[in-house]
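Please consult the sequence and the model alongside the notes.

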Amino acid sequence: MGRPNWAPDDIDIERPSVARMYDYYLGGSHNFAVDRAAAQAMVTAVPEAPLMAQANRAFLRRAVQFLVDAGVRQFLDIGSGIPTVGNVHEIAQRHAPDSRVVYVDIDPVAVAHSQEILAGNDRTTVVQEDLRHPERILGHPEVRRLLDLDRPVAVLVVAVLHFVAADDRPGELLRTLRDAVAPGSWLVLSQASADGRDDDERAEAEAIYRRTDNPLWLRSRAELTALFDGFELVEPGVVWVPQWRPEFSENTEDAEQSGFIGGVGRSGG
Ligand SMILES: C[S@@+](CC[C@H](N)C(=O)[O-])C[C@H]1O[C@@H](n2cnc3c(N)ncnc32)[C@H](O)[C@@H]1O
């Protein structure tokens, strides 16, 4: 198969990418056979996988809407993914056109496709960087150009922390980000959790993701809550994502089937 024009030359299309697998779960078209095979293996092991991705996206949308309503106009979205429907800048700028959004992702396809859809939008940009190097993100000229870190910023780390190992010290990474932004800034976290899952399902999911560059690091609700250190959680705290400020039409029954926990916090100030 020829390489499609959205695929940068230097990417490995023989190894599944978590960004492209997630795109496949969400019904996107920026994925290769190797990604689809890995995602399908995941669906065999955990049939709810596509619904989990959708529940997480719905949480992201509600959280951004909540932040816009709270007056936030600056967003740093780390691990932003391959753009799909309802991206952060679309939600924020629809309601507050002056909102500024910086997307950050480690994946070249996510960055290339973001560049394409952001062309001509001078309040939005994308940077290829790694959450495990927050100082590089914070010092990046595009971040400095678009965001005023002396004023509150919403830092979004949504469906990414499960790719950050304990050895990479997620608490320290988040503290570096927190210390760099003005008091009154916000943190949105979500990630996959094994709470309530049976051990076989967990082991199969972990084995599938070990074939990618981003093995899975599942965390409990208590562990994710601890990562909000220095932020005050808004109600209802860290919950299964469908339970986080659901809209009228949302089904919150069997919320744990979403497999994702998440919350929103605000730093003192
Ligand atoms: C499951 S997607 C989440 C996309 C989006 N945040 C959402 O919630 O819909 C995870 C994204 O995190 C990116 N990612 C994984 N590890 C990363 C890291 N260390 N730094 C930056 N991005 C990372 C992947 O490339 C992928 O695009």
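Where is A159 found? A159 is found in the loop between strand 4 (154–158) and helix 8 (170–180). The structure is a predicted model, in which local features need pLDDT of at least 70 and side-chain atom pairs count only at pLDDT 80 or more, while totals for chains, interfaces and linings use all residues. Residues are numbered from 1 along each chain as its sequence is written. Helices (H or I, at least four residues) and strands (E, at least two) are DSSP runs, numbered from the N terminus.

- Strand 2 (residues 100–105) is mostly covered, with 6 of its 6 residues buried; a residue is buried if 20 or more other C-beta atoms lie within 10 Å of its own, exposed if 12 or fewer, and partly exposed in between, the C-beta atoms being placed from the backbone.
- In a regular strand the side chains alternate between the two faces of the sheet.
- On one side of strand 2 the buried residues are R100, V102 and V104, and on the other they are V101, Y103 and D105, so that both faces are covered.
- Strand 1 (residues 74–78) runs parallel to strand 2 and is joined to it by 5 bridges; two strands pair if DSSP finds at least two bridges between them.
- The chain passes from strand 1 through helix 4 (residues 88–95) to strand 2 in a right-handed β-α-β crossover; right-handed here means that, with the strands pointing away from the viewer, the path from the first strand over the helix to the second runs clockwise.
- Strand 2 also pairs with strand 3 (residues 124–128) in the parallel sense, over 5 bridges.
- A right-handed β-α-β unit is made by strand 2, helix 5 (residues 108–118) and strand 3.
- Y103 of strand 2 stands opposite D77, and its bridge partner in strand 3 is V126.
- V101 has T124 as its bridge partner in strand 3.
- Strand 3 is mostly covered, with 4 of its 5 residues buried.

**Helices 1 and 3**

- Helix 1 (18–25) is mostly covered, as 7 of its 8 residues are buried.
- The buried residues in helix 1 are V18, A19, R20, M21, Y22, D23 and Y24.
- These buried residues pack against helix 2 (33–45), helix 3, strand 2, helix 5 and helix 9 (199–209).
- G27 follows helix 1 and has a positive phi, near 85°.
- Helix 3 (residues 49–69) has 21 residues and should span 30 Å at 1.5 Å a residue, which agrees with the 30 Å between its end C-alpha atoms; the expected span is 1.5 Å times one less than the number of residues.
- Just after helix 3, G71 takes a positive phi of about 100°.

**Surroundings of the ligand**

- Of the 22 residues around the ligand, A19, G79, G81, D107 and L131 come nearest; a residue is near a molecule or strand if its C-beta atom, placed from the backbone, lies within 6 Å of it.
- Helix 1 and helix 3 are the elements that give two or more residues to this shell.
- The shell divides into 12 nonpolar, 5 polar and 5 charged residues, where Ala, Val, Leu, Ile, Met, Phe, Trp, Tyr, Cys and Pro count as nonpolar, Asp, Glu, Lys and Arg as charged, and the others, Gly among them, as polar.

**Backbone exceptions**

- Most residues other than glycine have a negative phi, and most peptide bonds are trans.
- A159 is not a glycine, yet has a positive phi of about 60°.
- A159 is buried because 25 other C-beta atoms lie within 10 Å.
- D254 also has a positive phi, near 55°, and its place is in the loop between strand 7 and strand 8 (260–267).
- D254 is exposed, since 11 other C-beta atoms lie within 10 Å.
- The peptide bond from E235 to P236 is cis, with omega near 5°.
- P236 lies in the loop between strand 6 and strand 7 (239–240).

**D229**

- D229 is found in the loop between helix 10 (221–226) and strand 6 (231–233).
- D229 counts as exposed because it has 12 C-beta neighbours inside 10 Å.
- Not counting residues up to four places away in sequence, D229 touches G171 and R175; a contact requires C-beta atoms, placed from the backbone, within 7 Å.
- D229 and S99 are 130 residues apart along the chain, and their C-alpha atoms are separated by 26 Å.

Technical notes:
Contact = placed C-beta atoms within 7 Å.
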